Amino acid sequence: MARKVKSDIQLVGDKFAARSVLSARQAFNEALETRALRAIEACLAEDVILVPGDEAQLIQGRQAQLQAWQGIFEQMPDVAYVRTPSRIEIGECGGLAAETGRWTGAWSMDGMQIRYSGRYFAKWRFDAAAWQIEAETFVTLKRAGGPV
């Protein structure tokens, strides 16, 4: 079952829209947990950009990101990524939102348990039907690993 995002999130601007972005974030976290590529796809704008938190390369476009997620799920079957927002702010125009928070990633590889975490920023846009992620930037602040 997907972990619910904390309820002490600062919602700024249009509260209904901010709760809609929060709901979209929760859906994205659940899609990552269940490896539901179609649900991940629904959360991403066509030209979405992902800036990884470490030395990995920038990922541009929905299809490239879906291919990356599929590869990650295949290579690391126990991988878990969660984004936990601390603030969601809706722009004055009502069609853009900024989300900031903390992220965690965990997986095992070569007999080691790996844990990464840090901060992230996400840009959301309302596309007439739903909120979608246009860009996410991650900063890895902590890395840990040890035998399984």
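Asp47 counts as exposed because its relative accessibility is 64%; exposed here means over 50% relative accessible area, buried under 20%, and partly exposed in between (1.4 Å probe, protein chains only). The model is a predicted one, in which local features need pLDDT of at least 70 and side-chain atom pairs count only at pLDDT 80 or more, while totals for chains, interfaces and linings use all residues. Residues are numbered from 1 along each chain as its sequence is written, and side-chain values use heavy atoms, with hydrogens and water left out.

Asp47 belongs to strand S2 (residues 44-51); helices (H or I, at least four residues) and strands (E, at least two) are DSSP runs numbered from the N terminus. Beyond its neighbours within four places in sequence, Asp47 is in contact (heavy atoms within 4.5 Å) with Gly61 and Glu134. Gln65 lies 18 residues from Asp47 along the chain, with 10.0 Å between their C-alpha atoms.

H1 itself shows a consistent geometry: its 20 residues should span 28 Å at 1.5 Å a residue, and its end C-alpha atoms are 28 Å apart, which agrees. The expected span is 1.5 Å times one less than the number of residues. Buried residues of H1 include Val21, Ala24, Arg25 and Phe28. At the start of H1, a side-chain oxygen of Asp14 comes within 3.0 Å of the backbone nitrogen of Phe16. Arg35 follows H1 and has a positive phi, near 60 degrees.

The whole structure holds eight aromatic pairs, defined by ring centres of Phe, Tyr and Trp (its six-membered ring) within 6.5 Å, with planes under 30 degrees apart counted as stacked, over 60 as edge-to-face and the rest as tilted. Trp69 and Tyr81 make an edge-to-face pair, 5.6 Å centre to centre with 75 degrees between the planes. Trp69 lies in helix H3 and Tyr81 in strand S4, so this pair ties together parts 12 residues apart in sequence. Trp69 and Tyr81 are both buried. Trp107 and Tyr116 form a tilted pair, at 5.3 Å and 55 degrees.

Methods:
Polar contact = N/O pair within 3.5 Å; in protein donor to acceptor, adjacent residues only side chain to side chain.
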